[in-house]
Amino acid sequence: MEKKYMILCVAGQSNAVGYDESPVPAGYMARFRADRIFQLGFWGGDNLQIIPLGPCAQSFQDMRPYGNPANPGTGTRGIHLPLAHRLLECIPPDYDILVLSCAYGGTGFTVGQLGDYDAASMTPAPGIWRWGVSSNYYRAMCDRIGYALSRNPENRFLGVVWCQGEFDSEDAVGHGHGFDAMTADFFRTMAEKFPGRVYRGDWNRNIWYNMETVAYWHSYHECPQIWAHYRSWNPDTYVEIPRSADSNEVNGTGITAKLRAAHFGNDAFDRVIAPLVAEAMKRRLAVPDAPEESSESRETAV
């Protein structure tokens, strides 16, 4: 029987891809239990293979050409590895974590076109497309989660971490409608196909975590309305990120975007963002503390 995995999906646009341009410090991988953290490959021959998760997750967008010159070919960093590491304490020791990164920079619900989809390889056509119920990104996300669950009947789903909204800044209402329709379809579809496969939960809003984006966007056009909608959609899974969290303005290169303030950077995913998202997820995932023994039971045992 294949190993057992808890499946974590990270989806959305650029800050879900992870555009941290800062150098990968020496000993970075030693911070994490990398022996228990894997990803579902996406690039080339890695596609649909379970492979180790390094500093840069294999996502719909290939970030290998955009890493810091100090680490050529490594790519940029995101929330994937530090978040998975922090969730290990919430799962049984005979399980590992399998991360699916389903994100592409510059995407939204009201911008772009619907792209082609290859169902056999579960890959959207390369490029910036539109999210939504009919989106190739959404189809790939659902199919890949289903594929990961189907590899072992004991595999379980941990949740979706979603970061999205900046490119719908001119149409917050349209963004909200698209998001609501897509998530409703996600919960309904997955509940029908994979009942009982969510770890400590079910296919509903309590397994979908809406993570705030970098500070720059919070006063940009209608972006505040977008995050207000996310908060009201489910306050219990809404993750506030301090406006002080570093962007690529610190230790960034500008290679992913000239506007360095538009993306988290300077190791903020590990230092700030992953701990906050993990805290929100642990409210559902964490095993309750065992009740303390009474003095009477201790005396009896002696």
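Cys9 is buried in this predicted model, with a relative accessible area of 0%, and the count of disulfides in the structure comes to zero. Cys9 accordingly takes part in no disulfide, and the nearest cysteine sulfur, that of Cys102, is 4.1 Å away. A disulfide is counted when two cysteine sulfur atoms lie within 2.5 Å. Cys9 belongs to the residues of strand 1, which is paired with strand 4 and with strand 7 in an open sheet of seven strands.

**Cysteines**

- The sulfur of Cys142 is 8.7 Å from the closest cysteine sulfur, which belongs to Cys9, and this is too far for a bond.
- Cys142 is buried as well, with a relative accessible area of 11%.
- Cys102 is one of the residues of strand 4, where Asp96, Leu98, Leu100 and Cys102 point one way and are buried, and Cys102 is also among the residues that line the largest cavity.

- The seven strands of the open sheet stand in the order 3-2-4-1-7-8-9, and their pairing is mixed.
- Strand 3 (50–52) and strand 9 (238–239) stand at the edges, and because each has a single partner strand, one side of each is left without a neighbour in the sheet.
- In general, the strands of a sheet pair through backbone hydrogen bonds, and they do so in either a parallel or an antiparallel manner.
- Strand 1 (residues 4–12) and strand 4 run parallel and are joined by nine bridges, with Tyr5 opposite Asp96 of strand 4 and Ile7 opposite Leu98 of strand 4.
- On another side of the pairing pattern, strand 1 is joined to strand 7 (residues 156–163) by seven bridges, again in a parallel arrangement, and the bridge partner of Cys9 in strand 7 is Val160.

**Cavity and pocket**

- The count of cavities of 30 Å³ or more comes to one, and the largest cavity holds about 40 Å³ of space.
- The lining of the largest cavity is formed by Leu40, Phe42, Gln58, Leu100, Ser101, Cys102 and Arg144, and strand 4 gives the most to this lining, with three residues.
- By class, the lining of the largest cavity is made up of four nonpolar residues, two polar residues and one charged residue.
- The largest pocket holds about 170 Å³ of space and is lined by 16 residues, of which Ser14, Gly106, Phe167, Ala257 and His263 lie nearest its centre.
- The residues that line the largest pocket divide into eight nonpolar, seven polar and one charged.

- Phe42, which is one of the residues lining the largest cavity, is found in the loop between strand 2 and strand 3.
- Phe42 counts as buried because its relative accessible area is 13%, and buried means under 20%.
- The C-alpha atoms of Phe42 and Leu88 are separated by 23 Å, and these two residues are 46 residues apart along the chain.
- Thr189 has its place in helix 4 (residues 172–193) and, at 19% relative accessibility, counts as buried.
- A polar atom of the side chain of Thr189 lies 2.8 Å from the backbone oxygen of Asp185.

Terms used:
Residues numbered from 1 in each chain as written. Predicted model: local features only at pLDDT ≥ 70, side-chain atom pairs only at ≥ 80, totals over all residues. Heavy atoms only, no water. Buried < 20%, exposed > 50% of the residue type's maximum accessible area, 1.4 Å probe, protein only. Helix = DSSP H or I, 4+ residues; strand = E, 2+ residues; numbered from the N terminus. Pairing = 2+ DSSP bridges. 1 Å grid on protein atoms, 1.4 Å probe; cavity = no way out; pocket = protein on both sides within 12 Å on 5 of 7 lines; lining within 4 Å. Points joined across faces, edges and corners; volume = space filled by probe spheres on them. Nonpolar A, V, L, I, M, F, W, Y, C, P; charged D, E, K, R; others polar. Polar contact = N/O pair within 3.5 Å; in protein donor to acceptor, adjacent residues only side chain to side chain.
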